[in-house]
Amino acid sequence: MTAHSPLAAGPSTRRRRSSSIGFRVFTYTALVLILGPAVWILLGVLGRALGHWRWSVLWTPLTTEGGGLRDQILGTLLLMAGVFILAGTVGVLAGIHLSELAKPRKSGKRSGGFLRTCSDILSGFPSIVLGYVGYTALVVGLHWGYSFLAAVIIVSIMVVPYIAKTTENSLRQVPTGYREGAEALGMTMGYSLRKVVLKSALPGIVTGLLLALAIAGGETAPLIYTAGFANKLPHSLTHASFPYLTYVVFSFYDSPNPQYHYLAYDAALILVVIVLLLLVASRMIVSRTQRHAEGARTRTRTPRRPRRPEPTGEPLDLVDLHR
Amino acid sequence: MTSVGGAAGSVPAAPPGRPVPRDSPFRKIGNWARANEEHGWRWTARVAVLLPFAALVFAVAVLAVKAWPAIRVNGWYFLYGKNWTYGQSYGATVHTDGVAHAAGSQFGAWPIILGTIQSSVIAIIVAVPLSIGAAFALTERLPGWVSRPLGLAIEILAGIPSVVIGLWGLLTFGPWLAKHIYPIIANIAGHLPNVWPFNYFRGPVDTGQGLLTAGLVLGMMIIPIIASTTRDLFLQVPPLPKEGGEALGMTHWEVANRITLPWVRSGIIGATVLGLGRALGETIAVVMVGGASLHIASNIYAPFGTIAATILTQLDGALTDGTGFAIATLAELALVLAVISVAVNFAARWIVARTSRIGAPVGGQ
């Protein structure tokens, strides 16, 4: 493997022992240094918000004196719903195309290479750049003004590559036998896609969608450029600024009104709760389906009972019969 | 299958209820839909897969068209200049190459380009060793019932919105660092010779809003990407070579250094570059923690700006320019940022794709 001869004199035993201990200490320190801030953030958000938490924040509207965050919460949820509908449809269909429908190349390469590359490039775009594009093209160019529609379109463009990728990956994990079985039963291609392939890939797709929603709900920079900010929910899709939670966190913490500081902390807590709920939901879907999936990759090292070997046409091993 | 009631199978019983005539419009629509379902899937999916492509072309076109006048007028000064002024908003409009801009306006983006590089480098320096160490602890040391919840905690860190991390960095983490950690570093640097790498660490340490704090916060934000990828890579290393190493009497460190790490090195590099892409594009946390300055940070604790942060913070300033030239300059910034991060992303993919094909060095599954 390396140029070292096994017979060459290596480092002394003492050095080897100390480097091993040092390495062990380093790994645990690294783990603590990573998890410490995560816990610190969560406790910090909780501590700042719970000191003067009142439930009425959830259902009173925002006023100049203070009030609550009703419209901001609804706005974030509506935004997520809009992204779910728009980016969900486009992303899932794009994933289906890349995995199932694109014709394989003659050279045997994976199909849809160019379109997949486009999707990858798009996923590399920083969100603020997409926000600027939305501002120039939709807010100013189409005269929509700061609006819900512009925000939904831009955030959707942001998460579509992600949804397409997760959909494609979970479709690829559907065993080929399912598709062949469906075809052998005489199902049309569309019917088998709907009833067999998509059905077994659904948990993976839903997980991707939930994580995309978490990204959408926590996004700030492109929304400042496209949605503006408002105290109240507007009645139209365009020509009206739109309320959402992340802006409250971003700008209220140093407002002269102390009530607004509390609102910023409350908004941070609500955001974290929404995102954590989405993460937990996606985790539950993954673990539930992994438990039932056939041949699921298990992280534990516990030895599993070996499965009966596939019939290969060879004579049975006698050991097998005596099990 | 519905049961065939009573009859011996040769004559199918009439279905209960009103029989649907053969030429009923419902049945016709149903048949048509069934016959054309595949077409429906194909065409909607084809349209859907073209939309990201269209969005990409659209975004690049918008940026290029918007930025073109700025690229022509700013020239190379944009990349090396240090001065960012909007000029006299109410003064005379000047025309250069037929492009109108405010008199005395100058747009040199070098300070924020440098700030972007500096903060990303700090983030990588912090994140990569910690991620690798933590991934080792999670996969090689701790039992499954400990490491699984801890891995989940890292994923939760990835999900916390960046604005919340920014608020924490601004109100809690930054002041804490400025009070307890930075004075120590500045003190040590004060005793070292006053030359380039050391004098950058000398005080004053300010309030904690600045380059080092932003770099640390960015590092925290990219740690989940690198750590979870590294953990998954370590799990893919087959146990046989590692066990072989231990059977030869290698210590844990030697197994890690000579067997596990070389096995997954390319994947770690790819994950690192992916994290770098995220750090380059992060906006809101840098705006809150970094101090949103347009000048080069005088020391490592001083306020600074990145390209992404400047695009956000300078929107209001740019809108005061009646000629629209400042907005065009922001488009040029966005274009530069997009080019950099797309290049970084592709480098990551290329590294991973190139090296993952080579496959396992020894043993195999």
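Ala292(B) is partly exposed, because 18 other C-beta atoms lie within 10 Å; a residue counts as buried with 20 or more other C-beta atoms within 10 Å of its own, as exposed with 12 or fewer, and as partly exposed in between, the C-beta atoms being placed from the backbone. Ala292(B) belongs to the loop between α10 (284–290) and α11 of chain B, where helices (H or I, at least four residues) and strands (E, at least two) are DSSP runs numbered from the N terminus. Although Ala292(B) is not a glycine, its phi is positive, at about 50°.

The model is predicted: local features need pLDDT of at least 70 and side-chain atom pairs count only at pLDDT 80 or more, while totals for chains, interfaces and linings use all residues. Residues are numbered from 1 along each chain as its sequence is written, and chains are lettered from A and ligands numbered from 1 in the order in which they are written.

A positive phi also occurs in chain A, at His239(A), a residue other than glycine whose phi is near 60°. His239(A) sits in the loop between α8 (221–226) and α9 (245–252) of chain A. With 13 other C-beta atoms within 10 Å, His239(A) is partly exposed.

Chain B contains 13 helices and 4 strands. Its radius of gyration is 30 Å, whereas a compact globule of 365 residues would have one near 21 Å; the radius is taken over C-alpha atoms, and the globule rule is 2.2 Å times the number of residues to the power 0.38. Along the principal axes, the C-alpha atoms of chain B fill a box of roughly 100 × 75 × 40 Å. Of the 365 residues of chain B, 47% count as buried. Within helix α3 of chain B lies Val121(B), and its C-alpha atom is 9.2 Å from that of Gly219(B), 98 residues apart along the chain.

Chain A, in turn, has 11 helices and 0 strands. Buried residues account for 41% of its 323 residues.

The two chains meet where 73 residues of chain B are in contact with 70 residues of chain A, contact meaning that the C-beta atoms of two residues, placed from the backbone, lie within 7 Å. The largest share of the chain B side, 19 residues, comes from α1(B). By class, this side has 50 nonpolar, 14 polar and 9 charged residues; Ala, Val, Leu, Ile, Met, Phe, Trp, Tyr, Cys and Pro count as nonpolar, Asp, Glu, Lys and Arg as charged, and the others, Gly among them, as polar.

Helix α7 (residues 189–218) of chain A packs with α1(B) at an angle of about 70°, their axes 7 Å apart. Axes are lines fitted to C-alpha atoms, for helices over the stretch in contact, and angles run from 0 to 180 degrees between N-to-C directions. The two helices are therefore roughly perpendicular, a term for angles of 65 to 115 degrees. Residues making this contact include Tyr191(A) of α7(A) and Trp41(B) of α1(B).

The largest nonpolar core has 202 residues, and those with the most contacts inside it are Val249(A), Ala268(A), Val164(B) and Ala334(B). Such a core is a set of buried Ala, Val, Leu, Ile, Met, Phe, Trp, Tyr and Cys residues joined through C-beta atoms within 7 Å. The most is given to this core by α13(B), with 17 residues. Leaving aside neighbours within four places in sequence, the contacts of Val249(A) include Ala268(A), Leu271(A), Val164(B) and Leu167(B).

Technical notes. Angles under 35 degrees count as roughly parallel, over 145 as roughly antiparallel, 65 to 115 as roughly perpendicular and the rest as oblique.
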